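Here is a short briefing on one protein model. Look over the sequence and the structure first, then read on.

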Amino acid sequence: MPPELILPYVMRYIHIASATLAIGAPFFVRFALMPAAAKVLDEPSHAKLREAVNARWRHIVYLLIALFLISGLYTFLVPVRVNGVLVTSRWRDFGEADKRL
């Protein structure tokens, strides 16, 4: 792999992973963890668990959103060329025929 592709691949992986975690984990909590906890725990304990999960998850979501935005901007704004061929998408580098929708 050419060395100039390592950072773009890492940024793309961070972009996809942060989006997947930011969307997938709340689905797990809502549809798997909380219903299972409701069956096992009494209501005060279930409320405490919900508060604890939400308090911890809030900080993680902020980090994931920041990583998602930073990696997305990097992917969009930084052109990567290998042997003169553009391998990342940049709207202004497309030909006029490619810009027509």
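In which strand is Val82 found? Val82 is found in strand S1, residues 81–82. The model is predicted: local features need pLDDT of at least 70, side-chain atom pairs count only at pLDDT 80 or more, and totals for chains, interfaces and linings use all residues. Residues are numbered from 1 along each chain as its sequence is written, and side-chain values use heavy atoms, with hydrogens and water left out.

**Overall make-up**

- The protein has three helices and two strands. Helices (H or I, at least four residues) and strands (E, at least two) are DSSP runs, numbered from the N terminus.
- Along the sequence, the pattern reads α-α-β-β-α.
- The protein has 101 residues, and 17% of them count as buried. Buried means under 20% relative accessible area, exposed over 50%, and partly exposed in between (1.4 Å probe, protein chains only).
- The accessible surface is about 7,700 Å². Carbon and sulfur atoms hold 69% of that surface. The areas come from the Shrake-Rupley method with a 1.4 Å probe; for residues, only the protein chains shown count as cover.
- Take the contacts between residues at least 6 apart in sequence: 49% join residues at least 24 apart. Contact means heavy atoms within 4.5 Å.

**Helix pair H1 and H2**

- The axes of H1 (residues 6–40) and H2 come within 8 Å and cross at roughly 160 degrees.
- Axes are lines fitted to C-alpha atoms, for helices over the stretch in contact, and angles run from 0 to 180 degrees between N-to-C directions.
- The residues of the H1 contact with H2 divide into 22 nonpolar, six polar and two charged. Ala, Val, Leu, Ile, Met, Phe, Trp, Tyr, Cys and Pro count as nonpolar, Asp, Glu, Lys and Arg as charged, and the others, Gly among them, as polar.

**Residues in H2**

- Leu63 lies in H2, residues 43–77. Leu63 counts as exposed because its relative accessibility is 52%.
- Leu63 and Ala22 are 41 residues apart along the chain, with 9.5 Å between their C-alpha atoms.
- Tyr62 is also placed in H2. At 54% relative accessibility, Tyr62 counts as exposed.
- From Tyr62 to Ala22 the C-alpha distance is 9.2 Å, across 40 residues in sequence.

- Val82 has 16% relative accessibility, so Val82 counts as buried.
- The C-alpha atoms of Val82 and Leu5 are 8.1 Å apart, and the two residues are 77 apart along the chain.
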